[in-house]
Amino acid sequence: MPRRLLGAAVTVALLAPGLALAQTPREQELEARVAQLERVVEQLLAAQRQAGAAADETPSATMPVPPAAPARATAAVTDHPSRIQSTPILPSASPGTRFSYGGMIKFDAMATDTSDGRIADGSAGRLFYLPSAIPVGGDAVDGGDAYLDVHAQFSRFWLGTDHVTDGGDTLKAMIEVDMFGGGAILGNESSTNTYGVTVRHAWVSWNEWLAGQTWSNFMDVGALPDTVDFVGPTDGTVFVRQAQLRYTNGPWSFSLENPETTVTPHGGGAQFRTGDNSLPDATARWTAKGDWGHFSVAGLLRQFKHGDRDDTGGALSVSGRYNLGSNDDIRYALNAGPGIGRYLAFGLGSDVTADAGGDLHALDGYGGFVAWRHAFSPKLRGNLMYSRAQFDNDRAFTGFGVTEMAHSFHANLIYSPLPKLDVGAELIFGQRHLEDGREGDLTRLHTHVKYSF
């Protein structure tokens, strides 16, 4: 507004000398008004210059920003009176911190048929393929009719931050939760189906260092197959999340992780955990990557302890993904070692067994999987998988009722009608064998709808 008035005043002023040759009363009145407008404009400009100088000398009370930033922020709020967020979303974070979030909604429905009795209602084996949950030695219920389970417990949400300091240090943090935390108050299938929140990941990293809970360094997440089931080829898969301190430098990573010992008592019986460890589990991993995929080798060293008895063990894992052109890839893992126990197949076999005197003996275990993925089109893909785990039980210590072997076959089709939306179906056949020769079968059709954001 002041600049437009000044322009009008200048124009009139330029014409004034010609008008002064013969001025009428009306022209004299106009000349007086123009002079008055010029004085008003000069006063407005002087006030504006004074306000700008004051703003330049006043620092921001919230964070270090350029001198003109407070004026721009005020103008933005004035221009958008409906805005409800006028302060930083992370007011306690370091200046310049980036905030991110995401997750997925996952709906699962599965029909299961087991040969030797039903899996207990409400247990984990009713939600995803868990080989240790396959019943063995019981009687089929209701003539072996299939039973249906429907849930959304694997839906999840994560929050993350990322900050680079003035000195070039990188700080990152993440927390992720899902709903696989067991039933809360009134959390049952007869009424509310509410479930507790479960912490999946909670970590902070500083340059090459990471501290907190996340995937074990002994686990190759990049080799996991594309499945409808929560894990898929669970039998031969290393699958562990736990608290750890990790150092990564180039292709190498090393970690000290939360220890825990699982024991099969002398003569057999239910596997139990001790919590008596005094040393952390130690891991090391080397990974090579390229356009062809990746290849990784990892080692694990562990202490086992129950009371005043202890033993040591470890394991080796070779895994990776090999791309066969743009539409196909092969994913695989081979895992073995004395004491691989709880790291393999959700603890299908124990870490150690106990002899008659209570001494501990690391249990040799082996497992692996192979999966072929093929993209039929940009929207349709499919996977074929085989997985197996086996344990060298000493029957003199364990008896005949422990698991000797489990394996499974998987085939799925996943259709993505829209970006980030998957609709899939997976057919699963699994078997669990005991040391006495008995075995139980599981056949399942697992379907899902998953939207990632």
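Author: Start with burial: buried means under 20% relative accessible area, exposed over 50%, and partly exposed in between (1.4 Å probe, protein chains only). This is a predicted model, where local features need pLDDT of at least 70, side-chain atom pairs count only at pLDDT 80 or more, and totals for chains, interfaces and linings use all residues. Residues are numbered from 1 along each chain as its sequence is written, and side-chain values use heavy atoms, with hydrogens and water left out.

A salt bridge is a side-chain nitrogen of Lys or Arg within 4 Å of a carboxyl oxygen of Asp or Glu. The count by this rule is 19.

Take Arg 200 and Asp 178. Their side chains form a salt bridge at 3.7 Å, N to O. Arg 200 sits in strand β5 (residues 198-206) and Asp 178 in strand β4 (residues 170-178), so the pair ties together parts 22 residues apart in sequence. Strands (E, at least two residues) are DSSP runs, numbered from the N terminus. Both Arg 200 and Asp 178 are buried.

Next, Asp 226 and Arg 381. Their closest N and O atoms are 2.5 Å apart. Asp 226 lies in the loop between β6 (209-215) and β7 (241-249), and Arg 381 in strand β18 (residues 380-391), so this bridge ties together parts 155 residues apart in sequence. Asp 226 is buried at 16% relative accessible area. Arg 381 is buried too, at 13%.

Then Arg 342 and Asp 281. The salt bridge spans 3.1 Å, N to O. Arg 342 is in the loop between β14 and β15 (352-354), Asp 281 in strand β11 (residues 281-290), 61 residues apart. Both are buried. Finally, shared partners join Asp 226, Arg 373, Arg 381 and Asp 422 into one salt-bridge network.

Note on methods:
Helix = DSSP H or I, 4+ residues; strand = E, 2+ residues; numbered from the N terminus.
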